[in-house]
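This report describes selected structural features of one protein model. The sequence and the structure are displayed first.

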Amino acid sequence: MTTIILEVDNRSVTTHFILLGFPTRPGSQLLLFSVFLATYLLTLLENLLIILVIHSDGQLHKPMYFFLSHLSFLEMWYVTVISPKMLVDFLSHDKSISFNGCMTQLYFFVTFVCTEYILLAVMAFDRYVAICNPLRYPVIMTNQLCGTLAGGCWFCGLMTAMIKMVFIAQLYYCGTPLINHYFCDISPLLNVSCEDSSQAELVDFFLALMVIAIPLCVVVASYAAILATILRIPSAQGRQKAFSTCASHLTIVILFYSTTLFTYARPKLMYTYNSNKVVSVLYTVIVPLLNPIIYCLRNREVKAALRKTICCRGRGPQENGAFGS
């Protein structure tokens, strides 16, 4: 497709970008479409099932599962921002995306990524209080605090994305803006900018440092305290039971943080390599697919609630209690 250009103040303003995506043979494109479509639909189904089970089972009305339901809700939209456009591009020769469409996709993608970073840190704090201060857990993790923490995660994600967009959307793009990616991300857009993007890069780096480093410190500190507490438990059975309550969350943290940190460690340079798209697939497609599976396999309460929901569909809704422990 020919890129549409407008003349404004003697400068050409790009109104469309072209996503290079995964350049392969037509047969491979169809195969990739089938695989990613199945993955997308399964991810939506899994996370929706998690939300419904937590909502319907009174035994799961606890802070840990309250935050898990937010994580599942977030990841349903997280994959929806990326996957539909990617699936269309697998079947179409026209891989263009409008400027407004690209900026909208980028805004919501950054919102969900930043929100997930902070939400995972909040979930780590919840596990810290539950294991290190079990007697005070109901007093500390009240309904009001849980709601405030969840709302704060979303607010921080929205504001961080808004600040980044102010700088990135104002950059000047020229020529044929070929984005070496399958969705609009910050670093590929910086690579195709025709003017000095150092200010936008600095803002992006500072905000990324705040959104990634601070939650990561909270996660590390929380699990260091959790580990120290678990090691002081005299019985092996007690240690195993304590660790099992946070094993699922720790696995998800490692998966999400490791893949995203690898991608954004050298933001502008990383996207010059096609291999980085594979890493991006891990945290935009594979991790959201695996998260519900990990929680179902490693968490006995979730497994029991799933069995109850599946086996007893004909029963009336159970009485719902507050989600305090």
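Which order do the three strands of the open sheet have? The order is β4-β3-β5, and the pairing is mixed.

## Basis of the description

The model is predicted: local features require a pLDDT of at least 70, side-chain atom pairs count only at pLDDT 80 or more, and totals for chains, interfaces and linings use all residues. Residues are numbered from 1 along each chain as its sequence is written, and side-chain values use heavy atoms, with hydrogens and water left out.

## The open sheet

Helices (H or I, at least four residues) and strands (E, at least two) are DSSP runs, numbered from the N terminus. Two strands are taken to pair if DSSP finds at least two bridges between them. Strands of a sheet pair through backbone hydrogen bonds, either parallel or antiparallel.

In the order β4-β3-β5, strands β4 (96–98) and β5 stand at the edges; each has a single partner strand, so one side of each is left without a neighbour in the sheet. Strand β3 (residues 16–19) and β5 run parallel and are joined by two bridges. L19 stands opposite I179 in β5.

The loop between β5 and α6 contains N180. Its relative accessible area is 19%, so N180 is buried (under 20% relative accessible area, whereas exposed means over 50% and partly exposed in between; 1.4 Å probe, protein chains only). The side chain of N180 makes a polar contact with the side chain of K277 at 2.9 Å. A polar contact is a pair of N or O atoms within 3.5 Å; within protein, one must be able to donate a hydrogen and the other to accept it, and residues adjacent in sequence count only if both atoms are side-chain atoms.

## Cysteines

One disulfide is found, the criterion being a pair of cysteine sulfur atoms within 2.5 Å. The bond joins C102 to C184, with an S to S distance of 2.0 Å. The pair links distant parts of the chain, 82 residues apart: C102 lies in helix α3 (residues 99–132), and C184 in the loop between β5 (178–179) and α6 (186–192). The disulfide is left-handed because the torsion about the S-S bond is about -125°. Both C102 and C184 are buried.

C156 is in no disulfide, the nearest cysteine sulfur being that of C153, 7.1 Å away. C156 counts as partly exposed, at 34% relative accessibility. For C132, the closest cysteine sulfur is in C246, at 9.3 Å, which is too far for a bond. C132 is partly exposed, with a relative accessible area of 22%.

## Salt bridges

How many salt bridges does a search of the whole structure find? The search finds three, a salt bridge being a side-chain nitrogen of Lys or Arg within 4 Å of a carboxyl oxygen of Asp or Glu. One of them joins K164 and D204, with the closest N and O atoms 2.8 Å apart. K164 lies in helix α5 and D204 in helix α7 (residues 198–231), so this pair ties together parts that are 40 residues apart in sequence. K164 is buried at 7% relative accessible area, and D204 is buried at 9%.

K85 and D89 form a salt bridge in which the closest N and O atoms are 3.1 Å apart. Both residues lie in helix α2 (residues 63–91), four residues apart, about one turn of the helix. K85 and D89 are both buried. In the salt bridge between R127 and D126, the closest N and O atoms are 3.0 Å apart. R127 counts as buried at 8% relative accessibility, and D126 at 1%.

## Helix α8 and T260

T260 is located in helix α8 (residues 236–264) and is buried, with a relative accessible area of 0%. A polar atom of the T260 side chain lies 2.7 Å from the backbone oxygen of F256. The side chain of T260 also reaches the backbone oxygen of Y257, at 3.3 Å.

## A nonpolar surface patch

F155, M159, M162 and V166 form a nonpolar patch on the surface, with about 370 Å² of accessible area together. Patches are made of residues with over 30% relative accessible area and no salt bridge; like charges are joined within 9 Å, and nonpolar side chains (Val, Leu, Ile, Met, Phe, Trp, Tyr) within 5 Å. Accessible areas come from the Shrake-Rupley method with a 1.4 Å probe, and for residues only the protein chains shown count as cover. V166 is found in helix α5 (residues 143–168) and counts as partly exposed, at 44% relative accessibility.
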